[in-house]
Amino acid sequence: MEETQARRDTARGLSRDVPQQSRSEGLARASRDGDRRIGRRALLIGGAVAAVATGVLARGELGHLWWRVPGVSKPRKEGDVDYVGARWVAASSANWRMADRPDDYDVDRVIIHVTQGSFASAVKVFQDPDHGAAAHYIVREDGRITQMIRELDVAFHAGNREYNERSVGIEHAGFVERPEDFTDAMYAASARLTARICVRYGIPVDREHIIGHVEVPGTDHTDPGPGWDWKKYLRLVEEATKASA
């Protein structure tokens, strides 16, 4: 039990009373989300793997009051999701860092990604500890949503540590060069998800706070690309935000 707590404290940067060996391991892991160059095209294209069977259907969106209460240990239960209707499939623990957001890091951005591959191939690499990256959510062409990392935690998705710590990352299955992959069902489902995230953390619905991966400083990515309809997407997010207010 003491070892488990030490690892949690190290991951949160509270390493004052942690043995030196555990502190070193934690710091090494925490550094993995800094300025990462993800070979997304090489790792995500193809890979038509079997549908993941580890998913657990959503038990219902978690309560809201504790999200902004300082010092409260956020509840964690295997299979819980942060968005109603999402399916839980866990990413490798090597591809994210335990945190206690928004208590330790304010969440003020949503970052839009495109997988450059299929849904199944994205799940496969996000569960690969050697990949070194994963997003909180993946949205499929038919609008189904899978959550792979809790919003409480820092996902290694943006290639920029500060942006990772302060954002929620949403992947969209498809290819940048094929805007037909961005279906109406995908736009609508993703917009509802982003709206809930914005309401939860008080994020303004605008292009300063809802951005593409290409807009993250230091990134070499182009997603979601010129085929992503930002005007349509922001309109849908605004409508969903008003509906959930």
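Reader: Is Arg97 buried or exposed, and at what relative accessible area?

Author: The model is a predicted one. Burial here means a relative accessible area under 20%. Arg97 falls below that cut-off and is therefore buried, at 3%.

Reader: Which residue does the side chain of Arg97 meet in a salt bridge at 3.0 Å?

Author: Side chains of opposite charge can pair when their charged atoms come close. The partner of Arg97 sits in helix H5 (residues 161–165), while Arg97 belongs to strand E3 (residues 96–97). The two are 68 residues apart, so the pair links distant parts of the chain. With an N to O distance of 3.0 Å, the partner is Glu165.

Reader: Is Glu165 buried or exposed?

Author: Glu165 has a relative accessibility of 12%. The limit for burial is 20%, so Glu165 counts as buried.

Reader: Which residue joins Arg97 and Glu165 in a network of salt bridges?

Author: The side chains of Glu165 and Arg97 are paired in a salt bridge. A network of salt bridges links these two with a further residue, Arg161.

Reader: How many salt bridges does the structure hold?

Author: The pair of Glu165 and Arg97 is a salt bridge, and Asp108 forms another with Arg166. Asp181 and Arg178 also meet in one, at 3.2 Å from N to O. The number for the structure is twelve.

Reader: How many residues apart are Asp108 and Arg166?

Author: The closest N and O atoms of the Asp108 and Arg166 salt bridge are 2.7 Å apart. Asp108 lies in the loop between E3 and strand E4 (109–112), and Arg166 in the loop between H5 and strand E8 (167–172). This pair links distant parts of the chain, with a separation of 58 residues.

Reader: In the pair of Asp181 and Arg178, which residue counts as buried?

Author: Arg178 has a relative accessibility of 36%, which makes it partly exposed. Asp181 stands at 5%, under the 20% limit. The buried residue is therefore Asp181.

Reader: With which side chain does the side chain of Glu151 make a polar contact?

Author: Glu151 lies in the loop between strand E6 (145–147) and strand E7 (154–155). Its relative accessible area is 0%, so Glu151 is buried. Tyr137 touches Glu151, among other residues. The polar contact of the Glu151 side chain, at 2.7 Å, is with the side chain of Tyr201.

Reader: What is the angle between the planes of Tyr187 and Tyr233?

Author: A pair of aromatic rings is described by the distance of the centres and the angle of the planes. Tyr187 is in helix H6 and Tyr233 in helix H7, 46 residues apart. The pair is tilted, with 6.4 Å from centre to centre and a plane angle of 50°.

Reader: What phi does Gln116 have?

Author: Gln116 is in the loop between E4 and helix H4 (119–126). At 6% relative accessibility, Gln116 counts as buried. Although Gln116 is not a glycine, its phi is positive, at about 55°.

Technical notes:
Residues numbered from 1 in each chain as written. Predicted model: local features only at pLDDT ≥ 70, side-chain atom pairs only at ≥ 80, totals over all residues. Heavy atoms only, no water. Salt bridge = Lys/Arg side-chain N within 4 Å of Asp/Glu carboxyl O. Helix = DSSP H or I, 4+ residues; strand = E, 2+ residues; numbered from the N terminus. Buried < 20%, exposed > 50% of the residue type's maximum accessible area, 1.4 Å probe, protein only. Contact = heavy atoms within 4.5 Å. Polar contact = N/O pair within 3.5 Å; in protein donor to acceptor, adjacent residues only side chain to side chain. Phe/Tyr/Trp six-rings, centres within 6.5 Å; stacked < 30°, edge-to-face > 60°. Lists of a residue's contacts leave out its neighbours within four places in sequence.
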